[in-house]
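Open your viewer and get ready to click along. We will begin with the whole molecule and then zoom in.

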Amino acid sequence: MAVTLEVTPTRKRRPLVVGHLDSPNISDTKLIRSLFFASQELSHMQPLRFILRRNSQSIIRKVKVLAAVFDELLRSHMVYSQSAQLCFEEMNIVMQRMKTLIEDCTRSSKLWLLLQIENVSFSFHELVTDLSTVLDILPVKDFNLSEDAEDLIVLLKKQCSDSIQFVDPRDDDLRRKVTDTIDGIKHQITPDQSKLIGIFNDLGLLDSASLIEEIQRLEDETHDQIDERSRIVAASLIGLVRYANCVLYGPSTPSPHPDFRRHKSLSEANIPADFRCPITLELMRDPVVVSTGQTYDRESIDLWIKSGHNTCPKTGQVLKHTNLIPNSALKNLIVMWCRDQKIPFEIYGDGGVGSSTPCTEAVEFTRMMVSFLIDKLSVAEPNAVVFELRALAKSDSVARACIAEAGAIPKLVRYLGSDSPSLQINAVTAILNLSILEQNKTRIMETDGALNGVIEVLRSGATWEAKANAAATLFSLASISTYKRRLGRKVRVVSGLVDLAKQGPTSSKRDAFVAILNLAAERENVGRFVEAGVVQAAGDAFRELPEEAVSVVEAIVRKGGLMAVSAAFGLIRQLGEMMREGGDTTKESAAATLVTMCRKGGSELVAEMATIPGIERVIWEMIGTGTARGGRKAASLMRYLRRWAAGDTHETAATETQSIVVPTPSRIFNPVL
């Protein structure tokens with residue numbers, strides 16, 4: 001498929017607003033001064049340097065003529081007719097559109113502009129046509145201009161009326177070179193390096209930094225496109241630039257503190273509560289609505305339903321049906337937020353960059369680049385190559401598939417035990433990025449030494465960042481239920497995550513808690529986490545990471561039985577404080593945890609809760625002003641307190657019959673039967 005875009009058909013002139021635009025309340029002098037300053041600003045703009053240079057120069061030259069005319073009008077202090085004022089206002093609008101077009105072209109991807117050269121050239125021509133229309137009806141004879149100024153206007157009118165749409169032959173030739181290169185990739189023709197150098201030199205992309213910036217601009221264009229064909233074109237161009245950057249300038253040398261850190265969405269960004277899945281507390285990638293009206297991430301709610309549940313996790317209501325309706329509005333908001341935060345977000349699943357089906361050219365470019373990097377591993381400094389693989393694996397699913405298919409995972413595993421902190425971080429983060437693709441999870445789990453290598457980094461990595469990335473890798477692998485059980489059976493995984501949650505900095509603790517929460521969804525794993533001290537670790541983090549820590553305690557208590565309730569006994573007062581001071585999600589989790597503990601623990605646990613100062617007021621506030629789920633949990637807590645106060649110890653829903661040993665000497669309380 002050729003990647004050239006169709007030229008937009010010739011359109012009619014945009015109708016002038018004369019007779020329809022209400023004249024603003026502005027003096028003639030201020031209006032002319034505004035036009036003069038606008039024309040001066042536009043006149044001093046630099047023409048586009050590498051493509052569309054002639055088009056932009058033509059516009060700027062014409063505005064310079066207008067600036068001279070407005071300068072004379074400004075010194076004349078005339079009073080103008082209403083028709084003249086309306087013409088001036090329309091001229092001001094045209095000049096603002098000229099300025100905006102040149103600025104947009106300056107900020108845009110050069111390759112993207114090049115492939116749309118005819119469309120953009122038409123936009124320049126359209127502005128000249130609109131200016132010509134205004135000049136045709138401008139009452140010049142009423143202005144008492146000098147002969148020189150009148151001659152300038154006559155000359156400008158002739159230039160505008162004689163103007164035709166044109167594409168610079170140099171630009172057209174450069175576009176042909178780009179499209180021929182991309183079309184050759186479909187036939188697996190490796191681009192000639194000298195031709196690549198020529199193309200990018202002509203575009204002014206002269207070094208690795210400028211190519212990386214061009215990739216970012218192309219990715220922005222991808223997000224802006226609404227049709228599949230344009231996304232495929234953008235994907236092809238991104239593949240071309242990535243390949244050229246790697247082949248022409250070699251693997252990037254990672255800085256000691258790279259400015260892109262993995263998992264910003266988990267560790268650094270303040271994710272709005274509405275963008276988090278209520279099940280995993282993670283940023284939703286594919287939000288869907290269930291029959292109760294609640295929104296969840298598709299993967300999480302689908303797993304919930306397939307596990308045999310027929311209720312809404314958040315409200316507890318029975319689902320009338322299991323159809324999942326895409327929440328497109330919320331997804332668009334999440335995409336825009338991620339873009340503002342510079343967080344990668346794959347909008348269109350595993351098909352490739354911005355496309356539901358893989359783009360042939362982008363796939364071939366990526367394969368060539370991966371092959372080049374794998375070959376470099378044996379001859380170049382490994383840290384730079386692994387860093388490049390890490391960055392490529394972060395970009396999209398096509399890259400993740402190509403890297404894994406090329407056999408990179410066993411090679412990356414070798415560097416997990418490196419003495420170089422930077423190389424270790426790059427290796428474990430590359431594996432993390434690869435694990436995002438579903439089929440790569442199996443590849444990683446089945447590669448000799450891969451899982452043990454990641455676990456070892458978790459336990460004894462050279463930096464907290466490496467440990468956190470190892471925890472995030474385990475979180476990713478555990479999204480498959482069979483791997484969740486397998487990972488939970490490994491003592492080193494459980495102890496490593498708990499140790500990281502106890503000792504790490506805030507961002508690392510968050511990754512540890514998220515991984516623990518995922519593994520704790522498997523009931524058989526919970527006991528091991530309790531024995532490793534996860535409840536105490538979470539309690540210590542209530543102030544630092546309230547949402548994540550309280551959610552972990554809720555999951556442990558819900559799945560863990562009497563031993564978990566006993567371990568959490570010392571957190572009752574802190575949970576009451578979280579109900580008072582936390583955010584909505586934290587309050588819900590704290591209340592739900594206490595409800596579960598009261599149900600399983602019996603009257604003495606309720607008595608302990610009753611000693612929390614002001615607990616009844618907190619509960620009443622949650623009932624009245626909290627979320628729907630929070631209100632229901634708070635109402636349950638109030639019922640437990642009233643029954644305990646009335647001395648009724650036989651109305652709870654506890655099913656356990658054995659006693660719970662509270663972690664304080666000689667205190668035993670019996671569950672209410």
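**Before you click**

This is a predicted model, in which local features need pLDDT of at least 70, side-chain atom pairs count only at pLDDT 80 or more, and totals for chains, interfaces and linings use all residues. Residues are numbered from 1 along each chain as its sequence is written, and side-chain values use heavy atoms, with hydrogens and water left out.

**Stop 1: the whole chain**

Show the protein chain as a cartoon: its secondary structure comes to 32 helices and five strands. Here helices (H or I, at least four residues) and strands (E, at least two) are DSSP runs, numbered from the N terminus. The chain has 673 residues, and 54% of them count as buried. Buried means under 20% relative accessible area, exposed means over 50%, and partly exposed is in between (1.4 Å probe, protein chains only).

**Stop 2: helices 14 and 15**

Select residues 360–377 for helix 14 and residues 382–395 for helix 15. They pack at an angle of about 155°, with their axes 9 Å apart. Axes are lines fitted to C-alpha atoms, for helices over the stretch in contact, and angles run from 0 to 180 degrees between N-to-C directions. The two helices are therefore roughly antiparallel to each other; angles under 35 degrees count as roughly parallel, over 145 as roughly antiparallel, 65 to 115 as roughly perpendicular and the rest as oblique.

Now show side chains. By class, the contact has 10 nonpolar, no polar and two charged residues. Ala, Val, Leu, Ile, Met, Phe, Trp, Tyr, Cys and Pro count as nonpolar, Asp, Glu, Lys and Arg as charged, and the others, Gly among them, as polar.

**Stop 3**

**Stop 4: two loop residues**

Select Leu52, in the loop between helix 1 and helix 2. Its phi is near 60°, a positive value in a residue other than glycine. Is Leu52 buried or exposed? Leu52 is buried, with a relative accessible area of 0%.

Finish at Asn144, in the loop between helix 5 and helix 6. Asn144 is not a glycine, yet has a positive phi of about 55°. At 67% relative accessibility, Asn144 counts as exposed.
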